Amino acid sequence: MTGRLAGRRIVITGAGSGIGRAAAQVFAREGAKLALLDRDEAAARATAAETGGVVVQVDVSDAADVEEALKRAVDDMGGMDGLLNSAGILSSKSFGAIEPEHWRKVIDVNLTGTFLVCQAALPYLREAPNAAIVNIASGQALLPSLTGSAYAASKAGVMMFTKCLAMELAPGIRANAICPGATATPMTDHEIPPEDTVRRQKLADAYAMKRLCVPEDIANGILYLMSNEASAVTGIALAVDNGRTYH
Ligand SMILES: NC(=O)c1ccc[n+]([C@@H]2O[C@H](COP(=O)([O-])OP(=O)(O)OC[C@H]3O[C@@H](n4cnc5c(N)ncnc54)[C@H](O)[C@@H]3O)[C@@H](O)[C@H]2O)c1
């Protein structure tokens, strides 16, 4: 541990899997106290077994649930210095096949969920010196993709929402978005199983580095944005994507 987050109290949504779980591991290693929020309580408990921290079951798209979850998290940690919004769902339906209910679900979880958690966290973050929000957008917020209309729209929304937050909440609270490229997590595994090496490599070939990110790649970017090393950084969308969105 190098203590880059020593004493910081951080809420993570989507802490039970993938990027949220990797961030929890990195944050714990750097001395943070954690609240691990997820709709999948058992998954969040498994993360807590590795990192410590309080587990709170929540559906981020439900305003009352979010309000209550944030209260429980803050009561347990004695305050809140940071928020990572990692809860999210993938959509890869082609535009013509998207039913309105599917569209609403993707926007509800990815975009409205991020909004609800940020808003519920605001009074607590206002109490903290050097507070920081990191929202996970996507490389798909920066580049269009085939069959990405619902997901990419939700993530572009997260990115611009975060930039607006950065303006409105400065100077007390920093807010940044991170835009991961394809990352080897259960979300990606569900879409293209690891044993389907041909499709995995085809996906990787779209990136300059010809590989997928691992969750720790994204967690390290999040760590930077969450830490005081980024005290002059707010309102950015940081691509951690093996080199795709720059060209
Ligand atoms: N994996 C990738 O390639 C990739 C790329 C770019 C962006 N992202 C984004 O990164 C974030 C994390 O993705 P991941 O790959 O770790 O996915 P993941 O599926 O491994 O983990 C997502 C977590 O969010 C939780 N979650 C989903 N809906 C929820 C809800 N309504 N309320 C509370 N929790 C909920 C799930 O239970 C799960 O634990 C997501 O926002 C995703 O869109 C992922």
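Visitor: Which residues of helix α5 are buried?

Guide: In α5, the buried residues are Ser149, Ala150, Tyr151, Ala152, Ser154, Lys155, Ala156, Val158, Met159, Thr162 and Leu165, where buried stands for 20 or more other C-beta atoms within 10 Å of a residue's own, exposed for 12 or fewer, and partly exposed for what lies in between, with C-beta atoms placed from the backbone. This is a predicted model, in which local features need pLDDT of at least 70 and side-chain atom pairs count only at pLDDT 80 or more, while totals for chains, interfaces and linings use all residues. Residues are numbered from 1 along each chain as its sequence is written.

Visitor: What do the buried residues of α5 pack against?

Guide: They pack against α4 and against the strands β5 (131-136), β6 (173-180) and β7 (237-240), a contact being two C-beta atoms, placed from the backbone, within 7 Å. Helices (H or I, at least four residues) and strands (E, at least two) are DSSP runs numbered from the N terminus, and the chain has eight helices and seven strands.

Visitor: How do you know whether the length of α5 agrees with its number of residues?

Guide: The expected span is 1.5 Å times one less than the number of residues, so the 21 residues of α5 (residues 149-169) should span 30 Å, and because the end C-alpha atoms are 30 Å apart, the two agree. Helix α1, with twelve residues, reaches 17 Å from its first C-alpha to its last, close to the 16 Å expected.

Visitor: Why is α1 called largely enclosed?

Guide: Ten of its twelve residues are buried, so the rest of the structure largely encloses α1; among them are Gly18, Arg21, Val26 and Phe27. After α1 comes Gly31, with a positive phi near 95°.

Visitor: How many residues of β5 are buried, and what stands opposite Asn135?

Guide: Six of the six residues of β5 are buried, so this strand too is largely enclosed by the rest of the structure. Ala131, Ile133 and Asn135 point one way, whereas Ala132, Val134 and Ile136 point the other way. Strand β4 (residues 82-85) runs parallel to β5 and is joined to it by four bridges, which meets the rule that pairing takes at least two DSSP bridges; opposite Asn135 stands Asn85.

Visitor: Is Asn130 buried, partly exposed or exposed, and which class does Asn242 fall into?

Guide: Asn130, in the loop between α4 and β5, counts as partly exposed because it has 13 C-beta neighbours inside 10 Å, whereas Asn242, in the segment after β7, has 20 and therefore counts as buried. Most residues other than glycine have a negative phi, and most peptide bonds are trans. Phi is positive at Asn130, about 60°, and at Asn242, near 55°. The peptide bond between Ala170 and Pro171 is cis, with omega about 5°, and Pro171 is found in the loop between α5 and β6.

Visitor: Which residues come nearest to the ligand?

Guide: Of the 30 residues around the ligand, Gly14, Ser17, Gly18, Gly88 and Thr185 come nearest, a residue being near if its C-beta atom, placed from the backbone, lies within 6 Å. Helices α1 (18-29), α4 (100-126) and α6 (186-191) each supply at least two residues of this shell.
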